[in-house]
Amino acid sequence: MASAAEGMMPPTRQPFARRAWMTVGILFLAGILSVIDRSAINLLVDPLKADLGVTDEQIGLLQGLAFGLFYACMGVPMGMAADRFSRRKLIAFGITVWSLATIWSGFAHSFGELFTARLLVGFGEAALSPAAISLIADLFVPERRGRPIAVFMTGQGLANGIAISVTGVILTAAAAGAFVGLPLIGGLAAWRLAFLLFGSAGLIVAAMLLVLAREPARQTLATTGPRRAPGADEARYFWRNRAVLLPLYFGFAVCFTVAYGASAWAPTMLMRGYGVNPAFLAAWLGPMAMAFSAIGPLIGGTLLDRSMRAGKPMARFAILTFGPLFAIPSVLAVLAGEKHLAALLVASSAAVFSVVGTVMLATLQSVVPPQMRGSAVSLTLVLNTLLGAALGPLLVASLTQRVLGDDALVGWAIAAVCLPCLLAASGLYALARRRMRSALDIEQGECARLLAAEARERG
């Protein structure tokens, strides 16, 4: 892989806006496809069970552990690679790997094959967020960083709704015989066709990134002393600042146990509990999820930028503390009693988690040194995957299958797993807030000094 210096633009505080926003636009598309490729399976639960003979628990493994194993293991190495090599090329490589693996998923004929393909999807996607957030941080100065990060996060938020709508349309069209007789795809089951189309789109975005985007110059801090092994400086920094960083990271991970667990099973809950079909999901849940996903990051980005301009760096910690609580109605959608209201509640969580994700990632960019930004984001991928992606869907599936003993009660399993997690996430963020406030008051701790210095620079 080429070095980070290759293809960089001349150092500047603010790269040319048009080129910067073009790169953000491509990353926006990549974020959409990354979530679609990992989450399309959530609407394909019953077709997969029928064709491959798998159980709910095995579906939970495919949704979580299969995707999350490589995603978690490769998170930190990909983050360190993003701090040292061309982020543009690293992202393009990751997109290519996960897109080919998604195509392979469409040709799987056993649980083992699909599990292996999902492993590779996780491997490729581990490169995206660390490199993309680091790239954006160097494309924009701090007071203008909130909105581009929000745009990138918006893409990932919109993707779940897009996946619901497009997959629902494919399943509905297939049931009506729309693909019968077409060359190459006419004989494919609808779930296989969905994987094939989504994976092919990713290869196009990878090519766009290589042709149209450029690598910006990195912001650097002067360093002294001997050069240590890769990861040594990052590990020492995180350990020295663990009082703030541990509750910050674990609050995010516990919050996204809900994001992964609830979103993985919400479409199935609506189909089993409220008797809706894929056409309903495509017409109602998908568009509502996209609308809420678009609102959330824009709110988060705007709040961030305004708090920076007002010299209130601690405002972001208040958003993180109270944000998870707004997702409580969505995990209680089983109590709605009516399918349209239930779909609305489910969709509303997209705004909440988008706000939390946008604010969390922007906060990390402010409390770690510039040369550690990729690693800081990659650590969120590791923890969110181990706690969120791997455990969330599996806990819901296991509770449904082994405790409740009735597939139709999956909505109650969502509530039982997710409600305590939201309360715990809020509590962890409150702890991080209190510790950061104390560190700022006594002017102690590297995270606090970085945050205070950024506020003074913008003030």
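Colleague: What covers the buried residues of α3?

Modeller: In this predicted model, the cover of those residues includes α2 (45–52), α4 (65–73), α7 (111–125), α12, α17 (373–389) and α18 (391–404).

Colleague: How do you know that helix α3 (residues 56–63) is mostly covered?

Modeller: Buried means under 20% relative accessible area, and 6 of the 8 residues of α3 are buried. These are Asp56, Glu57, Ile59, Gly60, Leu62 and Gln63.

Colleague: Why is α17 called roughly parallel to α18?

Modeller: The axes of α17 and α18 cross at roughly 5° and come within 5 Å. Angles under 35 degrees count as roughly parallel, so α17 is roughly parallel to α18.

Colleague: Which residues of α17 and α18 meet, and of what class are they?

Modeller: From α17 come Leu386, Leu387, Gly388 and Ala389, which meet Leu391, Gly392 and Pro393 of α18. By class, the contact of α17 with α18 has 5 nonpolar and 2 polar residues, with no charged residues. Gly counts as polar and Pro as nonpolar in this division.

Colleague: How many aromatic pairs does the structure hold, and what makes the pair of phenylalanine 70 and phenylalanine 123 edge-to-face?

Modeller: The structure holds 11 aromatic pairs. For phenylalanine 70 and phenylalanine 123, the ring centres are 6.2 Å apart and the planes stand at 70°. Centres within 6.5 Å make a pair, and planes over 60 degrees apart count as edge-to-face, so this pair is edge-to-face. Because phenylalanine 70 lies in helix α4 and phenylalanine 123 in helix α7, the pair ties together parts that are 53 residues apart in sequence.

Colleague: Why does phenylalanine 70 count as partly exposed?

Modeller: Its relative accessibility is 31%. Partly exposed lies between under 20% for buried and over 50% for exposed, so phenylalanine 70 is partly exposed.

Colleague: What makes the pair of phenylalanine 238 and tyrosine 249 edge-to-face?

Modeller: The planes of phenylalanine 238 and tyrosine 249 are at 85°, with 6.2 Å centre to centre. An angle over 60 degrees counts as edge-to-face. Phenylalanine 238 is in helix α11 (residues 232–240) and tyrosine 249 in helix α12, 11 residues apart. Both phenylalanine 238 and tyrosine 249 are buried.

Colleague: Which residues do ring pairs link into a cluster?

Modeller: The cluster consists of Phe252, Phe256, Tyr260 and Phe353.

Colleague: Which residues have the most contacts inside the largest nonpolar core?

Modeller: Within this core of 141 residues, they are Ile91, Leu248, Trp265, Leu270, Leu281 and Met436. Helix α12 (residues 242–274) gives the largest share of the core, 20 residues. Leaving out residues up to four places away in sequence, leucine 270 touches Gly275, Val276, Leu281, Leu285, Ala342 and Ala343.

Definitions and conventions. Residues are numbered from 1 along each chain as its sequence is written. This is a predicted model: local features need pLDDT of at least 70, side-chain atom pairs count only at pLDDT 80 or more; totals for chains, interfaces and linings use all residues. Side-chain values use heavy atoms; hydrogens and water are left out. A nonpolar core is a set of buried Ala, Val, Leu, Ile, Met, Phe, Trp, Tyr and Cys residues joined through side-chain atoms within 4.5 Å. Buried means under 20% relative accessible area, exposed over 50%, partly exposed in between (1.4 Å probe, protein chains only). Helices (H or I, at least four residues) and strands (E, at least two) are DSSP runs, numbered from the N terminus. Contact means heavy atoms within 4.5 Å. Axes are lines fitted to C-alpha atoms, for helices over the stretch in contact, and angles run from 0 to 180 degrees between N-to-C directions. Angles under 35 degrees count as roughly parallel, over 145 as roughly antiparallel, 65 to 115 as roughly perpendicular and the rest as oblique. Rings of Phe, Tyr and Trp (its six-membered ring) pair if their centres lie within 6.5 Å; planes under 30 degrees apart count as stacked, over 60 as edge-to-face and the rest as tilted.
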